[in-house]
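Here is a short briefing to read alongside the model. Have the viewer open and follow the topics one by one.

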Amino acid sequence: MNVGIIGFGSMGKMLAEKFSASGLVDRESLLLSSRSPEKMKDAKKWATLCKSNTELAASSDIVFLCLRPFDLKGVLEEIRDSLKEDALLVSLNGSVSFKNLEKSLSDASYEAEEASGKNPAPHKIAKVIPSVTAEVDRSQTLICYNDHVTSSDKGNLKRLLICMGNVIELPEEELGMGSELVSCMPGFIASVFDVIVKASEEHTKIPHDQVVRMVLQTMIATGELMLSKDMSFEDVVTRVATPGGITEEGTKVVYEQFPKTAQVLFEKTLLKRKLTAEKAQAQFE
Ligand SMILES: NC(=O)c1ccc[n+]([C@@H]2O[C@H](COP(=O)([O-])OP(=O)(O)OC[C@H]3O[C@@H](n4cnc5c(N)ncnc54)[C@H](OP(=O)(O)O)[C@@H]3O)[C@@H](O)[C@H]2O)c1
């Protein structure tokens, strides 16, 4: 099975390196193409560099589109006549709908066929959203499919993505909140603990690096404790915050004052997500 990756930027490079390093895809089967070929030159030791997106599309069974939304439409229109009939397309962008992706892959007869009730040129498309924790093979990669993807395609795709961590299947309409929970969450977690560390440093002379390590190790261990003992967040709070004790003073502050902040956070990020999706979809009108 040949795996093609179009776009050798942050995501495309990461996927290519992971697929190669895990031994899942050998040099001959891993095909790369990008707008600035010079950026791929070091990859030729472990991947096959294609001269064009169409050359890649003609030989790939799975085509990863690691492109910004404003480049997606042009590339889809460029490769649609070169794609293998049974190819699976995988967009790394969560904002552009399956409907618009399908439309760009089809020719001008699409709307006429759709209007006449036919199912125009079905293309198999998946959307995949990895998280930055893929760097340490602990991504919570989100995945969703259009109706044409077969269970065999799903198995092939999951077998590739598993090299970066877990794979979580969601319906298209849940991809937004899903992305907040796994793709944005490292940023949310880091900013919350940045605030906590800075506040603690007003009361201690322990060096900054040591404070950060103490908090980080405790954070990781708390997560592992919860997962291994099947504990909820509330279980941990109950276990540590004995009534009338010191921890309880702190957890009370969090439960009293943090809900408003968390609510505003999601209101703002979801609004931004909606506007970003509208802008991305507009490229396809
Ligand atoms: N970054 C993240 O953490 C993250 C996480 C999840 C999902 N995503 C999504 O993944 C997608 C890619 O993001 P990214 O961060 O990897 O973007 P990026 O770093 O800008 O990479 C995009 C790549 O596409 C190449 N490209 C542009 N037009 C092309 C064309 N016509 N033919 C071939 N290659 C072309 C660019 O070439 P040049 O080198 O010439 O610019 C660049 O290498 C986006 O839709 C983003 O929303 C990103």
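The protein chain splits into domain 1 (3-169) and domain 2 (180-280), with bounds that come from an automatic or database domain assignment. This is a predicted model, in which local features need pLDDT of at least 70 and side-chain atom pairs count only at pLDDT 80 or more, while totals for chains, interfaces and linings use all residues. Residues are numbered from 1 along each chain as its sequence is written.

**Domains**
- The C-alpha centres of domain 1 and domain 2 are 34 Å apart.
- Their contact draws 10 residues from domain 1 and 6 residues from domain 2; residues are in contact if their C-beta atoms, placed from the backbone, lie within 7 Å.
- On the side of domain 1 that touches domain 2, there are 5 nonpolar, 5 polar and no charged residues. Here Ala, Val, Leu, Ile, Met, Phe, Trp, Tyr, Cys and Pro count as nonpolar, Asp, Glu, Lys and Arg as charged, and the others, Gly among them, as polar.

**Ligand shell**
- The ligand is surrounded by 26 residues, and the closest are Gly 7, Gly 9, Met 11, Ser 36 and Asn 93; a residue counts if its C-beta atom, placed from the backbone, lies within 6 Å.
- Helix H1 (10-21) and helix H3 (69-79) each contribute at least two residues to this shell, and H3 gives the most, with 4 residues. Helices (H or I, at least four residues) and strands (E, at least two) are DSSP runs, numbered from the N terminus.
- Sorted by class, the shell holds 11 nonpolar, 11 polar and 4 charged residues.

**Sheet**
- An open sheet of 8 strands runs in the order S3-S2-S1-S4-S5-S6-S7-S8, with mixed pairing; strands pair if DSSP finds at least two bridges between them.
- Strand S3 (48-49) and strand S8 (165-169) are the edge strands, each pairing on one side only.
- Strand S5 (residues 88-91) pairs with strand S6 (residues 124-129) in the parallel sense over 4 bridges, and Leu 88 stands opposite Lys 124 in S6.

**Helix packing**
- Helix H7 (residues 175-200) and helix H10 (residues 246-282) have axes that come within 11 Å and cross at roughly 115°. Axes are lines fitted to C-alpha atoms, for helices over the stretch in contact, and angles run from 0 to 180 degrees between N-to-C directions.
- Gly 176, Glu 180 and Cys 184 of H7 meet Phe 266, Thr 269, Leu 270 and Arg 273 of H10.

Methods. Contact = placed C-beta atoms within 7 Å.
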